[in-house]
Amino acid sequence: MTGPKPPVLTVRQLRKTFQGNAVLRGVDLSLHEGEIACLIGPSGTGKSTILRCLNFLEQPDGGEITFFGQYLCAEDGNSNIFRIAPPRVLQAARARMPMVFQHFNLFSHRTVMENVVEGQVVVLRRGRAEARDRARDCLARVGMLERADFYPDQLSGGQKQRVAIARALAMSPALILFDEPTSALDPQLVQEVQGVIRDLSAEGMTMLIVTHEMRFVRSIAHTVHFCEGGRIAESGAAADIFGPNAPPRIQTFMEVAHG
Ligand code: ADP
Ligand code: MG
């Protein structure tokens, strides 16, 4: 008997405090294979912190994260004990859910090719030849193969972000986390990066995308999560969130923030 597939990711009551400032106050969220979920909401409400906790760039303080059914952190409700999975489990999970950052985070003293090879060799322990082959494939997918020997400084912002996406793809990801991938770009470069993300969506890539680009959300998301006050305050199918019966606070957010 085969049931529905388990979620790629589940998050329950995720909490994170910075120096007494409770930024995440119990985040609940799940993501299924092939799903494109967008995380929207006002600045400072914890969207980046959610993504950073998912792949343990920040260590959560409480709650539960499972990735393909495996606990990355978990809490025993009765005893209040919070456990974090061993480093090798976290590292394996992190490699399979790479993050694409607003400011690209490429190594500036390495070429495009080296940027895409590095994580494969260091984290996945692939051989250099195999890693270079895969890097070529991934750079071709984002239209950057002919820039393989360039340094990041020689590229536009849109090109840098496409390289960062190729680097994520090279890790054979199960899920890609995007943190405002187009907000550092000049307006005319936004489309080329959104186009690459759209291509990935057509190929069935599972993605969790933080963005303020509402037209993009509307055109690409299956699910939309609205973050406010350190929680997911509303979640819904994109059609409902953008429809006439959208929750009032989401309507207000869209009107105020985006005309
Ligand atoms: P968003 O991405 O929704 O704009 P963030 O997750 O970046 O929000 O930040 C949420 C809150 O957490 C902000 O008040 C921010 O100042 C604070 N914060 C984020 N990271 C840190 C950190 N490393 N140390 C202290 N405070 C932080
Ligand atoms: Mg942010």
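Start by selecting helix 6, residues 187–202, in this predicted model. Its 16 residues reach 24 Å from the first C-alpha to the last, close to the 22 Å expected at 1.5 Å a residue.

Now show the side chains of Leu-189, Val-190, Val-193, Gln-194, Val-196, Ile-197 and Leu-200: these are the buried residues of helix 6. Turn the view so you look down the axis of helix 6; the buried residues fall within an arc of 150°, so they line one face of the helix. What do they pack against? Color helix 4 (128–141), helix 5 (157–170), strand 8 (176–179), strand 9 (207–210) and helix 7 (214–220), and you have the partners of those buried residues. Before leaving, click on Gly-204, which follows helix 6 and has a positive phi, near 90°.

Next stop: helix 1, residues 47–54. This one is mostly covered, with six of its eight residues buried: Lys-47, Thr-49, Ile-50, Leu-51, Cys-53 and Leu-54. Just past the end of helix 1, Phe-56 has a positive phi of about 60°.

Of the 13 residues surrounding ligand 1, the closest are Gly-44, Gly-46, Lys-47, Ser-48 and Thr-49. Helix 1 gives the most to this shell, with three residues, and strand 2 (21–31) supplies at least two.

Zoom in on the oxygen atoms of ligand 1 and check these distances:

- Gly-44, polar backbone atom: 2.7 Å from a ligand oxygen
- Lys-47, polar side-chain atom: 2.8 Å from a ligand oxygen
- Thr-45, backbone N or O atom: 3.2 Å from a ligand oxygen

Definitions and conventions: Residues are numbered from 1 along each chain as its sequence is written. Chains are lettered from A and ligands numbered from 1 in the order in which they are written. This is a predicted model: local features need pLDDT of at least 70, side-chain atom pairs count only at pLDDT 80 or more; totals for chains, interfaces and linings use all residues. Side-chain values use heavy atoms; hydrogens and water are left out. Helices (H or I, at least four residues) and strands (E, at least two) are DSSP runs, numbered from the N terminus. The expected span of a helix is 1.5 Å times one less than its number of residues. Buried means under 20% relative accessible area, exposed over 50%, partly exposed in between (1.4 Å probe, protein chains only). The arc is that of the directions from the helix axis to the C-beta atoms. Contact means heavy atoms within 4.5 Å. A residue is near a molecule or strand if one of its heavy atoms lies within 4 Å of it. A polar contact is a pair of N or O atoms within 3.5 Å; within protein, one must be able to donate a hydrogen and the other to accept it, and residues adjacent in sequence count only if both atoms are side-chain atoms.
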